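Here is a colleague's note to read alongside the model, written as a few numbered points. Please keep the structure in view as you go through them.

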Amino acid sequence: MISQRDKVEKLRQLDSEVELRRAQYQKTAARAGDLQIEASVAETGMTPLGVVVTPNTPTFPNKPLVLGGSLGLGFGFGLGLALLIELLNRRVRGVEDLEGSLDVPCLAVINGERQSIWAALAKPFRPARRSKVVPA
Amino acid sequence: MSPPVSVAKRPTLEQIAPTPARLSESVEMSPSLVSVYDPLGPSAEAIRALRTHIQSQHLQEGRRAVALCGVSRGHGCTFVAANLAVALSQIGVATLLIDANLREPGIDKILRRQSTLGGLRACLMNSDAPVSDFIDEDVLPNLSVLYAGAAAQNAQELLARDRFEDVMNTCLRNFDATIVDTPPANASADARRVSNVVGYSLVVARKHQSLVGDIKTLVGQLQGDRAVVIGTVLNES
(Lines give C-alpha, C1' and ligand atoms only; values in the text may rest on other atoms or scores of the structure.)
Protein backbone atom coordinates (compact mmCIF):
# COMPACT_ATOMS: atom_id res chain seq x y z
CA MET A 1 0.00 0.00 0.00
CA ILE A 2 2.81 2.29 0.92
CA SER A 3 4.61 1.32 -2.19
CA GLN A 4 1.61 2.34 -4.24
CA ARG A 5 1.17 5.58 -2.40
CA ASP A 6 2.26 7.53 -5.37
CA LYS A 7 -0.19 5.86 -7.54
CA VAL A 8 -2.93 6.43 -5.00
CA GLU A 9 -1.99 10.04 -4.79
CA LYS A 10 -2.11 10.31 -8.54
CA LEU A 11 -5.44 8.58 -8.59
CA ARG A 12 -6.80 11.10 -6.12
CA GLN A 13 -5.49 13.91 -8.20
CA LEU A 14 -7.04 12.42 -11.27
CA ASP A 15 -10.32 11.99 -9.45
CA SER A 16 -10.29 15.55 -8.31
CA GLU A 17 -9.43 16.69 -11.80
CA VAL A 18 -12.24 14.59 -13.20
CA GLU A 19 -14.58 16.12 -10.65
CA LEU A 20 -13.35 19.54 -11.58
CA ARG A 21 -13.75 18.87 -15.31
CA ARG A 22 -17.18 17.40 -14.73
CA ALA A 23 -18.21 20.44 -12.78
CA GLN A 24 -16.88 22.70 -15.51
CA TYR A 25 -18.62 20.66 -18.16
CA GLN A 26 -21.90 20.72 -16.32
CA LYS A 27 -21.58 24.42 -15.77
CA THR A 28 -20.75 25.00 -19.42
CA ALA A 29 -23.50 22.69 -20.57
CA ALA A 30 -26.00 24.50 -18.39
CA ARG A 31 -24.83 27.85 -19.75
CA ALA A 32 -25.03 26.53 -23.29
CA GLY A 33 -28.51 25.27 -22.61
CA ASP A 34 -29.60 28.66 -21.31
CA LEU A 35 -28.13 30.44 -24.32
CA GLN A 36 -29.74 27.97 -26.69
CA ILE A 37 -33.08 28.59 -25.08
CA GLU A 38 -32.61 32.35 -25.37
CA ALA A 39 -31.56 31.99 -28.98
CA SER A 40 -34.59 29.92 -29.84
CA VAL A 41 -37.03 32.58 -28.65
CA ALA A 42 -38.40 34.40 -31.83
CA GLU A 43 -40.57 36.99 -30.10
CA THR A 44 -38.15 39.75 -29.61
CA GLY A 45 -40.77 42.56 -29.52
CA MET A 46 -39.87 43.76 -33.00
CA THR A 47 -42.17 43.86 -36.04
CA PRO A 48 -40.86 43.73 -39.61
CA LEU A 49 -41.83 46.94 -41.44
CA GLY A 50 -41.59 45.62 -44.97
CA VAL A 51 -39.38 44.38 -47.63
CA VAL A 52 -35.99 45.81 -47.39
CA VAL A 53 -35.88 46.29 -51.17
CA THR A 54 -37.35 49.67 -52.31
CA PRO A 55 -40.33 49.36 -54.80
CA ASN A 56 -39.76 50.62 -58.34
CA THR A 57 -43.21 52.27 -58.70
CA PRO A 58 -44.28 55.27 -56.62
CA THR A 59 -46.97 54.65 -54.04
CA PHE A 60 -48.42 58.19 -54.51
CA PRO A 61 -50.12 59.48 -56.58
CA ASN A 62 -52.10 56.42 -57.60
CA LYS A 63 -52.75 57.38 -61.19
CA PRO A 64 -55.39 54.75 -62.05
CA LEU A 65 -57.30 55.58 -58.91
CA VAL A 66 -57.03 59.31 -59.50
CA LEU A 67 -58.03 59.04 -63.17
CA GLY A 68 -60.85 56.61 -62.57
CA GLY A 69 -62.14 58.52 -59.62
CA SER A 70 -62.00 61.81 -61.50
CA LEU A 71 -63.89 60.38 -64.45
CA GLY A 72 -66.52 58.83 -62.23
CA LEU A 73 -67.00 61.89 -60.10
CA GLY A 74 -67.04 64.17 -63.16
CA PHE A 75 -69.62 62.01 -64.92
CA GLY A 76 -71.81 61.90 -61.83
CA PHE A 77 -71.50 65.61 -61.25
CA GLY A 78 -72.29 66.42 -64.89
CA LEU A 79 -75.27 64.10 -64.91
CA GLY A 80 -76.63 65.62 -61.75
CA LEU A 81 -76.08 69.14 -63.03
CA ALA A 82 -77.82 68.33 -66.32
CA LEU A 83 -80.78 66.85 -64.50
CA LEU A 84 -80.98 69.86 -62.22
CA ILE A 85 -80.90 72.29 -65.13
CA GLU A 86 -83.51 70.25 -66.99
CA LEU A 87 -85.77 70.21 -63.96
CA LEU A 88 -85.41 73.93 -63.32
CA ASN A 89 -85.73 74.95 -66.99
CA ARG A 90 -87.89 72.32 -68.60
CA ARG A 91 -87.82 72.51 -72.37
CA VAL A 92 -90.30 71.24 -74.89
CA ARG A 93 -89.13 67.72 -75.74
CA GLY A 94 -92.29 66.47 -77.37
CA VAL A 95 -96.00 66.87 -77.90
CA GLU A 96 -96.63 65.58 -74.38
CA ASP A 97 -94.87 68.58 -72.89
CA LEU A 98 -97.14 70.95 -74.81
CA GLU A 99 -100.43 69.15 -74.31
CA GLY A 100 -99.66 68.12 -70.76
CA SER A 101 -98.93 71.59 -69.50
CA LEU A 102 -101.39 73.58 -71.62
CA ASP A 103 -105.11 73.36 -72.11
CA VAL A 104 -104.80 73.83 -75.86
CA PRO A 105 -104.18 71.07 -78.40
CA CYS A 106 -101.05 70.58 -80.45
CA LEU A 107 -102.27 70.91 -84.01
CA ALA A 108 -99.17 69.89 -85.93
CA VAL A 109 -95.67 68.57 -85.49
CA ILE A 110 -93.31 69.77 -88.17
CA ASN A 111 -90.34 67.47 -88.56
CA GLY A 112 -87.84 68.61 -91.11
CA GLU A 113 -86.62 65.40 -92.58
CA ARG A 114 -87.08 61.69 -92.35
CA GLN A 115 -83.92 60.38 -90.79
CA SER A 116 -82.52 57.48 -88.88
CA ILE A 117 -81.94 57.60 -85.16
CA TRP A 118 -78.20 57.84 -85.75
CA ALA A 119 -78.66 60.82 -88.00
CA ALA A 120 -80.89 62.40 -85.37
CA LEU A 121 -78.27 61.83 -82.71
CA ALA A 122 -75.59 63.33 -84.91
CA LYS A 123 -77.70 66.33 -85.81
CA PRO A 124 -76.48 68.64 -83.03
CA PHE A 125 -72.95 68.22 -84.32
CA ARG A 126 -73.78 69.22 -87.84
CA PRO A 127 -73.74 72.82 -89.03
CA ALA A 128 -77.07 74.55 -89.27
CA ARG A 129 -78.75 74.57 -92.63
CA ARG A 130 -78.33 77.82 -94.41
CA SER A 131 -81.37 79.76 -95.39
CA LYS A 132 -80.72 81.43 -98.63
CA VAL A 133 -83.04 83.40 -100.79
CA VAL A 134 -82.88 82.12 -104.32
CA PRO A 135 -84.71 83.27 -107.41
CA ALA A 136 -87.82 81.36 -108.27
CA MET B 1 -91.09 42.24 -96.65
CA SER B 2 -93.06 44.92 -98.44
CA PRO B 3 -92.35 45.44 -102.10
CA PRO B 4 -90.41 48.54 -103.01
CA VAL B 5 -92.51 51.54 -103.89
CA SER B 6 -92.27 52.54 -107.46
CA VAL B 7 -91.03 56.04 -107.82
CA ALA B 8 -93.03 56.47 -110.99
CA LYS B 9 -96.28 55.94 -109.06
CA ARG B 10 -95.58 58.66 -106.54
CA PRO B 11 -97.50 61.88 -107.11
CA THR B 12 -95.54 64.52 -108.83
CA LEU B 13 -94.77 67.89 -107.37
CA GLU B 14 -97.16 69.60 -109.75
CA GLN B 15 -99.98 67.24 -108.80
CA ILE B 16 -99.63 67.99 -105.09
CA ALA B 17 -98.72 71.63 -105.15
CA PRO B 18 -98.92 73.40 -108.46
CA THR B 19 -96.36 76.10 -108.48
CA PRO B 20 -97.15 78.51 -111.28
CA ALA B 21 -95.24 81.08 -109.27
CA ARG B 22 -92.13 79.45 -110.57
CA LEU B 23 -93.09 80.88 -113.91
CA SER B 24 -92.93 84.33 -112.45
CA GLU B 25 -89.43 85.61 -112.67
CA SER B 26 -89.94 88.43 -110.21
CA VAL B 27 -90.79 86.22 -107.21
CA GLU B 28 -88.00 85.05 -104.97
CA MET B 29 -88.58 82.20 -102.56
CA SER B 30 -86.45 80.65 -99.88
CA PRO B 31 -85.93 76.88 -99.79
CA SER B 32 -87.59 76.98 -96.39
CA LEU B 33 -90.87 77.51 -98.21
CA VAL B 34 -91.37 73.77 -98.16
CA SER B 35 -94.95 73.95 -99.42
CA VAL B 36 -93.46 74.96 -102.75
CA TYR B 37 -89.98 73.52 -102.77
CA ASP B 38 -90.55 70.19 -101.07
CA PRO B 39 -94.27 69.43 -101.22
CA LEU B 40 -93.64 65.70 -100.76
CA GLY B 41 -91.55 66.14 -97.65
CA PRO B 42 -92.68 65.59 -94.05
CA SER B 43 -92.65 69.30 -93.27
CA ALA B 44 -95.05 70.05 -96.09
CA GLU B 45 -97.24 67.17 -94.94
CA ALA B 46 -97.37 68.63 -91.45
CA ILE B 47 -98.22 72.05 -92.89
CA ARG B 48 -101.02 70.48 -94.89
CA ALA B 49 -102.34 68.78 -91.75
CA LEU B 50 -102.31 72.15 -90.03
CA ARG B 51 -104.05 73.68 -93.04
CA THR B 52 -106.74 71.03 -92.86
CA HIS B 53 -107.33 71.79 -89.22
CA ILE B 54 -107.42 75.54 -89.82
CA GLN B 55 -109.78 75.08 -92.71
CA SER B 56 -112.21 72.78 -90.94
CA GLN B 57 -112.08 74.11 -87.40
CA HIS B 58 -111.37 77.73 -88.09
CA LEU B 59 -112.29 79.08 -91.51
CA GLN B 60 -115.53 77.17 -91.79
CA GLU B 61 -116.54 78.54 -88.40
CA GLY B 62 -116.19 82.05 -89.72
CA ARG B 63 -112.85 82.75 -88.06
CA ARG B 64 -110.88 84.23 -90.86
CA ALA B 65 -107.64 85.28 -89.23
CA VAL B 66 -105.02 83.83 -86.98
CA ALA B 67 -101.87 85.32 -85.53
CA LEU B 68 -98.83 83.11 -85.19
CA CYS B 69 -96.81 83.75 -82.07
CA GLY B 70 -93.49 82.44 -80.89
CA VAL B 71 -91.65 82.90 -77.67
CA SER B 72 -88.18 83.54 -78.98
CA ARG B 73 -86.47 84.37 -82.20
CA GLY B 74 -85.67 81.38 -84.37
CA HIS B 75 -88.47 79.16 -83.18
CA GLY B 76 -90.03 78.97 -86.64
CA CYS B 77 -92.97 81.33 -86.32
CA THR B 78 -92.30 83.04 -89.66
CA PHE B 79 -91.58 79.68 -91.28
CA VAL B 80 -94.93 78.26 -90.18
CA ALA B 81 -96.82 81.44 -91.09
CA ALA B 82 -95.42 81.63 -94.60
CA ASN B 83 -95.90 77.95 -95.33
CA LEU B 84 -99.40 77.91 -93.87
CA ALA B 85 -100.37 80.89 -96.02
CA VAL B 86 -98.94 79.27 -99.13
CA ALA B 87 -100.66 75.98 -98.30
CA LEU B 88 -104.01 77.74 -97.90
CA SER B 89 -103.53 79.56 -101.18
CA GLN B 90 -102.77 76.28 -102.92
CA ILE B 91 -106.30 75.01 -102.22
CA GLY B 92 -107.91 78.14 -103.60
CA VAL B 93 -108.44 80.10 -100.40
CA ALA B 94 -107.88 83.80 -100.95
CA THR B 95 -105.14 84.29 -98.40
CA LEU B 96 -103.36 87.33 -97.08
CA LEU B 97 -100.05 86.99 -95.29
CA ILE B 98 -99.23 89.93 -93.04
CA ASP B 99 -95.78 90.49 -91.63
CA ALA B 100 -96.55 92.26 -88.37
CA ASN B 101 -92.98 91.84 -87.18
CA LEU B 102 -92.02 95.49 -87.41
CA ARG B 103 -88.93 94.86 -85.28
CA GLU B 104 -87.19 92.41 -87.53
CA PRO B 105 -89.26 91.61 -90.63
CA GLY B 106 -88.83 88.06 -91.86
CA ILE B 107 -91.45 87.31 -94.49
CA ASP B 108 -89.46 89.14 -97.16
CA LYS B 109 -86.59 86.75 -96.50
CA ILE B 110 -88.81 83.79 -97.39
CA LEU B 111 -91.12 85.15 -100.05
CA ARG B 112 -90.29 88.34 -101.86
CA ARG B 113 -91.27 90.19 -104.97
CA GLN B 114 -89.70 93.35 -106.18
CA SER B 115 -92.19 96.06 -105.41
CA THR B 116 -92.24 99.62 -104.24
CA LEU B 117 -95.07 99.16 -101.77
CA GLY B 118 -94.38 100.52 -98.33
CA GLY B 119 -95.77 97.61 -96.38
CA LEU B 120 -97.49 97.56 -93.01
CA ARG B 121 -95.27 100.23 -91.49
CA ALA B 122 -96.17 102.76 -94.17
CA CYS B 123 -99.79 101.64 -94.05
CA LEU B 124 -100.00 102.37 -90.34
CA MET B 125 -98.27 105.70 -90.72
CA ASN B 126 -100.59 106.86 -93.51
CA SER B 127 -104.07 106.69 -92.11
CA ASP B 128 -105.73 108.15 -95.15
CA ALA B 129 -104.36 105.83 -97.80
CA PRO B 130 -106.42 102.75 -98.65
CA VAL B 131 -105.04 99.50 -97.30
CA SER B 132 -105.04 97.89 -100.71
CA ASP B 133 -102.34 100.29 -101.81
CA PHE B 134 -99.88 98.56 -99.49
CA ILE B 135 -100.81 94.95 -100.19
CA ASP B 136 -98.73 93.09 -102.72
CA GLU B 137 -101.45 91.12 -104.43
CA ASP B 138 -101.07 87.75 -106.08
CA VAL B 139 -97.50 87.15 -105.15
CA LEU B 140 -98.56 83.58 -105.67
CA PRO B 141 -101.97 82.55 -106.97
CA ASN B 142 -104.53 83.33 -104.26
CA LEU B 143 -101.82 84.68 -102.01
CA SER B 144 -101.32 88.35 -101.25
CA VAL B 145 -98.71 89.67 -98.89
CA LEU B 146 -98.64 92.75 -96.72
CA TYR B 147 -94.96 93.06 -95.98
CA ALA B 148 -93.69 94.80 -92.89
CA GLY B 149 -91.66 97.28 -94.83
CA ALA B 150 -88.67 98.73 -93.06
CA ALA B 151 -88.12 98.05 -89.38
CA ALA B 152 -89.79 100.62 -87.17
CA GLN B 153 -88.40 101.96 -83.92
CA ASN B 154 -91.90 102.77 -82.69
CA ALA B 155 -93.48 99.46 -83.62
CA GLN B 156 -95.53 99.21 -80.45
CA GLU B 157 -96.99 102.68 -80.96
CA LEU B 158 -97.84 101.94 -84.59
CA LEU B 159 -99.59 98.70 -83.71
CA ALA B 160 -101.44 100.33 -80.84
CA ARG B 161 -103.13 102.83 -83.12
CA ASP B 162 -106.73 102.41 -84.20
CA ARG B 163 -105.42 102.32 -87.72
CA PHE B 164 -104.13 98.80 -87.14
CA GLU B 165 -107.61 97.63 -86.19
CA ASP B 166 -108.99 99.29 -89.32
CA VAL B 167 -106.35 97.56 -91.41
CA MET B 168 -107.22 94.19 -89.90
CA ASN B 169 -110.93 94.73 -90.41
CA THR B 170 -110.32 95.60 -94.04
CA CYS B 171 -108.19 92.54 -94.53
CA LEU B 172 -110.77 90.29 -92.88
CA ARG B 173 -113.41 91.60 -95.23
CA ASN B 174 -111.36 91.24 -98.39
CA PHE B 175 -109.71 87.88 -97.85
CA ASP B 176 -110.92 84.42 -96.90
CA ALA B 177 -107.98 83.83 -94.60
CA THR B 178 -105.48 86.18 -93.03
CA ILE B 179 -102.28 84.84 -91.52
CA VAL B 180 -100.33 87.26 -89.36
CA ASP B 181 -96.71 86.76 -88.39
CA THR B 182 -95.69 88.40 -85.13
CA PRO B 183 -92.37 89.24 -83.49
CA PRO B 184 -91.06 87.05 -80.66
CA ALA B 185 -92.99 87.55 -77.48
CA ASN B 186 -89.94 87.68 -75.23
CA ALA B 187 -88.63 90.77 -77.00
CA SER B 188 -91.75 92.92 -77.11
CA ALA B 189 -95.46 93.00 -76.47
CA ASP B 190 -96.28 93.37 -80.16
CA ALA B 191 -97.47 89.79 -80.41
CA ARG B 192 -99.98 90.36 -77.62
CA ARG B 193 -101.33 93.46 -79.32
CA VAL B 194 -101.64 91.73 -82.68
CA SER B 195 -103.30 88.70 -81.11
CA ASN B 196 -105.70 90.94 -79.26
CA VAL B 197 -106.77 92.62 -82.50
CA VAL B 198 -106.84 89.46 -84.59
CA GLY B 199 -108.64 87.49 -81.90
CA TYR B 200 -107.12 84.09 -82.57
CA SER B 201 -103.60 82.88 -82.00
CA LEU B 202 -101.47 79.90 -82.79
CA VAL B 203 -98.35 79.40 -80.69
CA VAL B 204 -95.24 77.94 -82.29
CA ALA B 205 -92.76 76.07 -80.09
CA ARG B 206 -89.43 74.67 -81.11
CA LYS B 207 -88.33 71.30 -79.88
CA HIS B 208 -85.40 71.28 -77.43
CA GLN B 209 -85.33 75.08 -77.40
CA SER B 210 -88.64 76.47 -76.20
CA LEU B 211 -89.11 76.44 -72.45
CA VAL B 212 -92.37 74.95 -71.22
CA GLY B 213 -92.70 77.77 -68.72
CA ASP B 214 -92.34 80.40 -71.44
CA ILE B 215 -95.00 78.73 -73.57
CA LYS B 216 -97.38 78.60 -70.61
CA THR B 217 -96.70 82.24 -69.84
CA LEU B 218 -97.30 83.28 -73.44
CA VAL B 219 -100.54 81.31 -73.68
CA GLY B 220 -101.69 82.82 -70.40
CA GLN B 221 -100.87 86.32 -71.58
CA LEU B 222 -102.67 85.84 -74.88
CA GLN B 223 -105.73 84.43 -73.17
CA GLY B 224 -105.57 87.27 -70.69
CA ASP B 225 -105.68 89.67 -73.60
CA ARG B 226 -108.92 88.02 -74.73
CA ALA B 227 -107.32 86.21 -77.65
CA VAL B 228 -108.33 82.63 -78.28
CA VAL B 229 -105.34 80.32 -78.51
CA ILE B 230 -106.55 77.72 -80.97
CA GLY B 231 -103.53 75.46 -80.49
CA THR B 232 -99.82 74.99 -80.70
CA VAL B 233 -97.42 73.85 -83.36
CA LEU B 234 -94.30 71.91 -82.45
CA ASN B 235 -91.43 72.69 -84.79
CA GLU B 236 -88.90 69.88 -84.82
CA SER B 237 -87.02 70.91 -87.94
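In which strand of chain B does Asp138(B) lie? The first point takes this up, after two remarks on how to read the note. This is a predicted model, in which local features need pLDDT of at least 70 and side-chain atom pairs count only at pLDDT 80 or more, while totals for chains, interfaces and linings use all residues. Residues are numbered from 1 along each chain as its sequence is written, chains are lettered from A and ligands numbered from 1 in the order in which they are written, and side-chain values use heavy atoms, with hydrogens and water left out.

1. Asp138(B) belongs to strand β5, residues 136–140 of chain B, where helices (H or I, at least four residues) and strands (E, at least two) are DSSP runs numbered from the N terminus. Although Asp138(B) is not a glycine, its phi is positive, at about 50°. Most residues other than glycine have a negative phi, and most peptide bonds are trans.

2. His208(B), also not a glycine, has a positive phi of about 70°, and its place is the loop between β8 (200–206) and α10 (212–224) of chain B. With a relative accessible area of 44%, His208(B) is partly exposed; buried means under 20%, exposed over 50%, and partly exposed in between, using a 1.4 Å probe and protein chains only. Leaving aside neighbours within four places in sequence, His208(B) is in contact (heavy atoms within 4.5 Å) with Arg91(A), Val92(A) and Arg93(A).

3. In chain A, please look at the peptide bond between Phe60(A) and Pro61(A), which is cis, with omega about 0°. Pro61(A) is found in the loop between α1 (5–40) and α2 (63–88).

4. Chain B contains ten helices and nine strands, and 54% of its 237 residues are buried.

5. Once its neighbours within four places in sequence are left aside, the contacts of Leu97(B) include Ala81(B), Ala82(B), Ala85(B), Leu143(B) and Ile179(B).
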